[in-house]
Amino acid sequence: MADVIFFDLDGTLVDHRSAVWETIGQIIQAAPNATASPEELATLWWTLEAHHMREYLAGQCSFAEHHRRRLRSFLPMLGEPVPESPGLLDAWITERYLTVFEESWRCYPDVQPCLETLKQLPRGPRLAVLTNGDPEQQRAKLARFGLLEYFEAVLTPTEPGV
């Protein structure tokens, strides 16, 4: 038996992809002045997410700045002006993206039974989450689904510095 099992969070415990699709779909539907098709806008969002997440993980920007960078490229395609102020960009992310995104989080149905089975083993392994997301957001996901209690640690890039 393994001593420690590390779990990824997004795409393993929580369905990140569906939450993003739902959120971006709503944003795109509410964009009457978009300069690209819904399919092109969705593809652009995923491309920007991958690019700017790599910058965040490389330590080139904060988690908040990675959102701002993505938005600066995305808003013109939505047909919306790009605010100069980081505060206004943050407000857009919070109000139009994060609110819907967080409501769209879903835990995969087999997660809790799996963790419960591991917890019940006589000499069960220690469990931890190793994730590349924002620590506050990732812990909020785990807490929302009652999963925090199963893990001894939640490790993100900002804590160990890598």
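Trainee: Is cysteine 114 buried, partly exposed or exposed?

Mentor: This is a predicted model, so the value is computed from predicted coordinates. Cysteine 114 has 35% relative accessibility. Buried means under 20% and exposed means over 50%. Cysteine 114 therefore counts as partly exposed.

Trainee: How many disulfides does the structure hold?

Mentor: A disulfide needs two cysteine sulfur atoms within 2.5 Å. For cysteine 107, the nearest cysteine sulfur is that of cysteine 114, 11 Å away. Cysteine 107 is in no disulfide, and neither is cysteine 114. The number of disulfides in the structure is zero.

Trainee: What class does cysteine 107 fall into, buried, partly exposed or exposed?

Mentor: The cut-off for buried is under 20%. Cysteine 107 has 22% relative accessibility. That makes cysteine 107 partly exposed.

Trainee: What pattern of helices and strands does the protein chain follow along the sequence?

Mentor: The protein chain has six helices and three strands. Strand β1 covers residues 4-7. Read along the sequence, the pattern is β-α-α-α-α-α-β-α-β.

Trainee: Which element gives the largest share of the largest nonpolar core?

Mentor: This core has 38 residues, and Leu13, Tyr97 and Phe151 touch the most other members. The elements giving two or more residues to the core are α1, α2, α3, α4, α5 and β2. The largest share is six residues, and they come from α4.

Trainee: Which residues is tyrosine 97 in contact with, leaving aside its neighbours within four places in sequence?

Mentor: Tyrosine 97 is one of the core residues that touch the most other members. Contact here means heavy atoms within 4.5 Å. The partners of tyrosine 97 are Val20, Thr23, Ile24, Ile27, Trp45, Glu49, His67, Arg70 and Trp92.

Trainee: Is histidine 52 buried or exposed, and what does it contact beyond four places in sequence?

Mentor: Histidine 52 is found in helix α2. Its relative accessible area is 7%, so histidine 52 is buried. Beyond its neighbours within four places, histidine 52 is in contact with Cys61, His66, Arg69, Arg70 and Ser73.

Trainee: What is the N to O distance in the salt bridge of glutamate 80 and arginine 96?

Mentor: Glutamate 80 is buried, with a relative accessible area of 19%. Arginine 96 is partly exposed, with 28%. The N to O distance is 2.8 Å.

Trainee: How many residues apart in sequence are the parts tied together by lysine 119 and glutamate 149?

Mentor: The closest N and O atoms of this salt bridge are 3.7 Å apart. Lysine 119 is partly exposed, with a relative accessible area of 48%, whereas glutamate 149 is exposed at 60%. Lysine 119 lies in helix α5 and glutamate 149 in the loop between α6 and β3, so the pair ties together parts 30 residues apart.

Trainee: Which residues do salt bridges that share partners join into one network?

Mentor: A search of the whole structure finds ten salt bridges. One of them pairs glutamate 55 with arginine 69. The network is made of Glu55, Glu65, Arg68, Arg69, Arg72 and Asp90.

Trainee: Which residues make the nonpolar surface patch of about 340 Å²?

Mentor: Patch residues need over 30% relative accessible area. Valine 4, in strand β1, has 36% and counts as partly exposed. The patch is made by Val4, Phe6, Leu130 and Leu155.

Definitions and conventions
Residues are numbered from 1 along each chain as its sequence is written. This is a predicted model: local features need pLDDT of at least 70, side-chain atom pairs count only at pLDDT 80 or more; totals for chains, interfaces and linings use all residues. Side-chain values use heavy atoms; hydrogens and water are left out. Patches are made of residues with over 30% relative accessible area and no salt bridge: like charges are joined within 9 Å, nonpolar side chains (Val, Leu, Ile, Met, Phe, Trp, Tyr) within 5 Å. Accessible areas come from the Shrake-Rupley method with a 1.4 Å probe; for residues, only the protein chains shown count as cover. A salt bridge is a side-chain nitrogen of Lys or Arg within 4 Å of a carboxyl oxygen of Asp or Glu. Helices (H or I, at least four residues) and strands (E, at least two) are DSSP runs, numbered from the N terminus. Buried means under 20% relative accessible area, exposed over 50%, partly exposed in between (1.4 Å probe, protein chains only). A nonpolar core is a set of buried Ala, Val, Leu, Ile, Met, Phe, Trp, Tyr and Cys residues joined through side-chain atoms within 4.5 Å.
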